[in-house]
Amino acid sequence: MFKKRAAELRSALVQLGPAFVKIAQAVSSRPDVIPPEYVEELSLLQDRIAPFSTEIALDIIEQELEVPVENLFSEISLQPIAAASLGQVYQARLRSNGQIVAVKVQRPGVRAAIALDIYILRLLAGYIRNAGKFNTDLQAVVDEWASSLFQEMDYEAEAQNGLKFRKLFGQLPDVVIPDMYLELSSRRVLIMEWVEGQKLSEVKDLHLVELLESGFYHADPHPGNLLRTYDGKLAYLDFGMMGEFKQDLRDGLIEACLHLVNREFDALAGDFVTLGLLPPTAQTSDVAQALTGVFQNAVTKGIRNISFGDLSGNLGRTMYKFKFQIPSYFSLVIRSLAVLEGVALSSDPNYKVLGSSYPWIARKVLTDSSPQLRSTLQALLYKDGTFRIDRLESLITESLRSTTNETLSGREEKADKQSRLAMKRILKFTLSEQGDFVRDILLEELAKGMDALNRATFEKAASGVISRLPITFSLPPRLVEDEDIKNLETLRRLMLVLSDGLTKEQNQGLEKGNYLLREVDIQMTWNDAVVVLQKLGSSKEFLPMLSVILELPASAQQQSFRLPVDLTGRLASRIIARTIRRLVL
């Protein structure tokens, strides 16, 4: 019964027009949304629509390129290899160099059909917005999509997109992007390099990376536009519907992901304003409280287990209450990511686009030199002046998640203790060129802690001497201030990570994907400074760290030799600055 209805729906969509077919193509990539019978039938709309006459296609080629077909090709397939809503593809061999190419020919009359479809969809969008009292300008969303559709029908623009995409991502080892024959293409005919492979059933995490890194992304990544080559690489075949994401919006989306993972819902509400999802007049404190209720349970599962369904399940009421809106530019992003996750879910039911891409996000925020992302990192790592080393360590661990799997075999991982792995990850990153900003933060925190330790040790020694004197003296004013106590606690936790590693409880949190590790609840007093001093004076505490340093690359080892000088200079600067301040005040 379902199969029959699904076939009837597919037929109806083809009759409605190419714009409706494009919508169905996106839906066909969501096996978690529609039944399997509908997925199977609607998937045929990706490249199995009834073709138009080959004779007409050859006439279009000659009209557009103003060259007889036999002069262009020594051979061409009698029937199209694939037929979609906007055009169909033939395999041919160029007469000039013998190369096998794909020849895409646009359907006759498709522009007029698309224009009529868009007109109908705009009317429907207006009625739906008025009836449902939506805050989002649905007609503007339709207009944005229509603009991308009309760009998709310009094959010369598609060839330029393909060349740009090839320049940005063509050097990646696991990606294939066909070359474009721009001089042999026109508005209605496109000739590109032929790629052999099988229809894609799974995706890698390149897609979100291309969106956030370059801002130039594939807005229509359904299986009909992707291919897996026989040597296991991912091939992009269609470049008609592409999107561009401005730098400030890319940074805003990265910040939103980080704030969501770390449960910074106040900051997340501000991110929604930056991205245009909320009006500037929104009361962000109220929004943050509502977002806490919406996302708290989903985030508790850990980032690797968060799906779009988890995030959107209870969001509808909050969106309506606080006048959420979907900016027109963002509609393509949402469509693209939804299709991507749908394709991945067909082969891996446990795939999560955010969790799978989070290592890249963590690397980006740790290494990017832009002032906006460095400010975001600072805000994540400090709360009320207290340095949160647990967040730094979890970011570094996540950023190295995929590379660690590549460099350490399963046997080596089992042989190494978790503490040693954590230490190696932190040192390898912080001593690299990319880790200079984080290294600067750590050195500054170490200098603060050493300074506080000196003051606490001197105060304890002085009070001990005075208490043993036969004559009673009034104790001098305390040297250790509240800020020193915070710095001592940070130093103790730094020593914990660099010598003993994480606690068992924290390790379990990492394994479950809980990146917001618990804050240590023990408030350090100035008497506890002796414990830190003993750790610093114990050579065995540093032997594991020293042995790990010897395993690092030569450049990292050289950088480690410069750390004592840098740390001593920072510590001296703090002492001199405090002395001058006391003399002046």
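Residues are numbered from 1 along each chain as its sequence is written. In this predicted model, local features need pLDDT of at least 70 and side-chain atom pairs count only at pLDDT 80 or more, while totals for chains, interfaces and linings use all residues; side-chain values use heavy atoms, with hydrogens and water left out.

Me: How many helices and strands does the protein chain have?
Reply: Helices (H or I, at least four residues) and strands (E, at least two) are DSSP runs, numbered from the N terminus. On that basis the protein chain has 27 helices and 13 strands.

Me: What share of the residues of the protein chain count as buried?
Reply: Buried means under 20% relative accessible area, exposed over 50%, and partly exposed in between, with a 1.4 Å probe and protein chains only. Of the 585 residues, the buried share is 49%.

Me: Is Gln-88 buried or exposed?
Reply: Gln-88 belongs to strand β3, residues 87–94. Its relative accessible area is 0%, and under 20% counts as buried. Gln-88 is therefore buried.

Me: Which residue has the backbone nitrogen that the side chain of Gln-88 reaches?
Reply: Beyond its neighbours within four places in sequence, Gln-88 is in contact (heavy atoms within 4.5 Å) with residues including Pro-51, Phe-52, Ser-53 and Val-103. At 3.0 Å, the side chain of Gln-88 reaches the backbone nitrogen of Phe-52.

Me: Why does the pair of Phe-165 and Phe-239 tie together parts apart in sequence, and how many residues apart are they?
Reply: Rings of Phe, Tyr and Trp (its six-membered ring) pair if their centres lie within 6.5 Å; planes under 30 degrees apart count as stacked, over 60 as edge-to-face and the rest as tilted. The structure holds five aromatic pairs, and the tilted pair of Phe-165 and Phe-239 has 5.7 Å centre to centre and 50 degrees between the planes. Because Phe-165 lies in helix α8 (residues 155–169) and Phe-239 in the loop between β10 (234–236) and β11 (242–244), the separation in sequence is 74 residues.

Me: Which residues form one aromatic cluster with Phe-165?
Reply: Phe-165 is buried at 0% relative accessibility, and Phe-239 likewise counts as buried at 0%. Phe-165 forms one aromatic cluster with Phe-169, Phe-216, Tyr-236 and Phe-239.

Me: Which ring does the charged end of Lys-164 sit over?
Reply: A charge sits over a ring if NZ of Lys or CZ of Arg is within 6 Å of the ring centre and within 35 degrees of the ring normal. The charged end of Lys-164 is 4.3 Å from the centre of the ring of Phe-216.

How values were computed. A polar contact is a pair of N or O atoms within 3.5 Å; within protein, one must be able to donate a hydrogen and the other to accept it, and residues adjacent in sequence count only if both atoms are side-chain atoms.
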